Amino acid sequence: MVKADANISTKTYIDRSSSKFQNPNFAIEENRLLVCVKKMEVGVGFDENDYLSCCGSTKFAKEMAAASPFPSYHRALTVAKHIWFNIVDVNGWLQAFSAHPSIGQPRPPSHASATSAEWSIGEQSTALATSTASSLQELAEWNARYMQKFGFVFLVCASGRSTESLLAELKRRYANKPIVEFEIAAQEQMKITELRLGKLFTSKKNISSTTDTNSIAVAQSQRAEGKSIQNTSRTRPAITTHVLDVSRGYPAPGIEVLLEVWRGSQAGPTFGITDGGGWVVLGSSTTDSDGRSGQLMDIVDDVDPGIYRLTFNTGKYNPTGFFPYATIVFEILESQKREHFHVPLLLSPFSFSTYRGS
């Protein structure tokens, strides 16, 4: 395959996704960004086979290879979503689905790559570890029913999920209309692709493609602009969350989530004293069909120590419940700035709880 010029193809996706780059007043900013693309690239040297391990659609793999390299993981993810949802057709979606093994049976189809097969085993490790002979048998039976009804494998981002939760999800989705389930499966494929792109871009191949000369050039450029130097090795934000409706035993989709950090004049909010102006919004999102929120903050290696607040619009999700909204306030210490903080909400109409997960 003849690869398109990386800078031109990346610029094309930037123009499509950001209206400010279509404004001639931002010509200087556009040129500066393209310089950064050249200097801070991920995906250098990756070809179609690499991207095919992340998503089994050959159209997706070709488009990603043509658009490579990318200025960051976040940009690569933006481009990947655009390709998957706007360029890959129905046949491409089905091709990607077919590259996955059935849940509970991690042996991949023969046409799946070795890397994809390895990742599939890892993604189902929790399900296999929590399974029993009877649960695997029941899962196999429901997988067959699902395949007969919809014509493609039951697709779900299985990472970290138990056999029990996956079986419940399969039974719930089996009741969907085919057109609805097809769209859900496509969303799940994108979640899997996102996880695998993170693995791909933190692989030795990608790390070795970034030269010391480029790193020095970036550092000098950032110092000249008075910016702090931050090269991230994370593939997800430091703070994440999900919501589980414990009264139903299912994830809670469609809940609006707001993440804030304390930036008030005092060291932190004081119990009993109202100071609404001290909180600064970092990001917001809405939980998906798995109850997981989207990205709520930038992906950085060192999260700022301080006091954070997650607020959930529970009243909109359950208008007859007791809580119009639920708030979780927590503190990240200086010694914890490189750790990951998963702060879920376990919700019912008349109670809620939380814990720190990983």
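**Strands and cavities**

User: Let's start in the sheet. Which residue is the bridge partner of Arg-309 in β7?

Analyst: That's Val-329. Keep in mind that we're looking at a predicted model.

User: Fine. How many bridges hold β6 and β7 in their pairing?

Analyst: Seven, and the pairing is antiparallel. β6 covers residues 306–312.

User: What's the strand order in the sheet they belong to?

Analyst: The order is β5-β4-β6-β7. It's an open sheet of four strands, paired antiparallel.

User: Which strands stand at the edges?

Analyst: β5 (279–286) and β7 (326–332). Each has a single partner strand, so one side of each has no neighbour in the sheet.

User: And what does the twist average from one strand to the next?

Analyst: It averages 20°.

User: Switching to β9 and β10. How many residues are between them?

Analyst: Two, and the strands form a hairpin. β9 is residues 345–348 and β10 is residues 351–354, with an antiparallel pairing over four bridges.

User: What stands opposite Leu-346 there?

Analyst: Ser-353, in β10.

User: OK, cavities. How many come to 30 Å³ or more?

Analyst: Three cavities make that cut-off.

User: Which residues lie nearest the centre of the largest one?

Analyst: His-100, Ile-103, Glu-123, Val-156 and Ile-192, out of 14 residues in the lining. As for elements, α7 (114–123) and α11 (178–201) each give two or more residues to that lining.

User: How does the lining of the largest cavity divide by class?

Analyst: Nine nonpolar, four polar and one charged.

User: What else lines the second largest cavity?

Analyst: Asp-245, Asn-318, Gly-321, Phe-322, Phe-323 and Pro-349.

Conventions. Residues are numbered from 1 along each chain as its sequence is written. This is a predicted model: local features need pLDDT of at least 70, side-chain atom pairs count only at pLDDT 80 or more; totals for chains, interfaces and linings use all residues. Side-chain values use heavy atoms; hydrogens and water are left out. Two strands pair if DSSP finds at least two bridges between them. Axes are lines fitted to C-alpha atoms, for helices over the stretch in contact, and angles run from 0 to 180 degrees between N-to-C directions. On a 1 Å grid over the protein atoms alone, a cavity is a set of points where a 1.4 Å probe fits but cannot get out, and a pocket is an open set with protein on both sides within 12 Å along at least five of seven lines; lining residues have an atom within 4 Å of a point. Grid points are joined across faces, edges and corners, and a volume is the space filled by probe spheres set on the points. Ala, Val, Leu, Ile, Met, Phe, Trp, Tyr, Cys and Pro count as nonpolar, Asp, Glu, Lys and Arg as charged, and the others, Gly among them, as polar.
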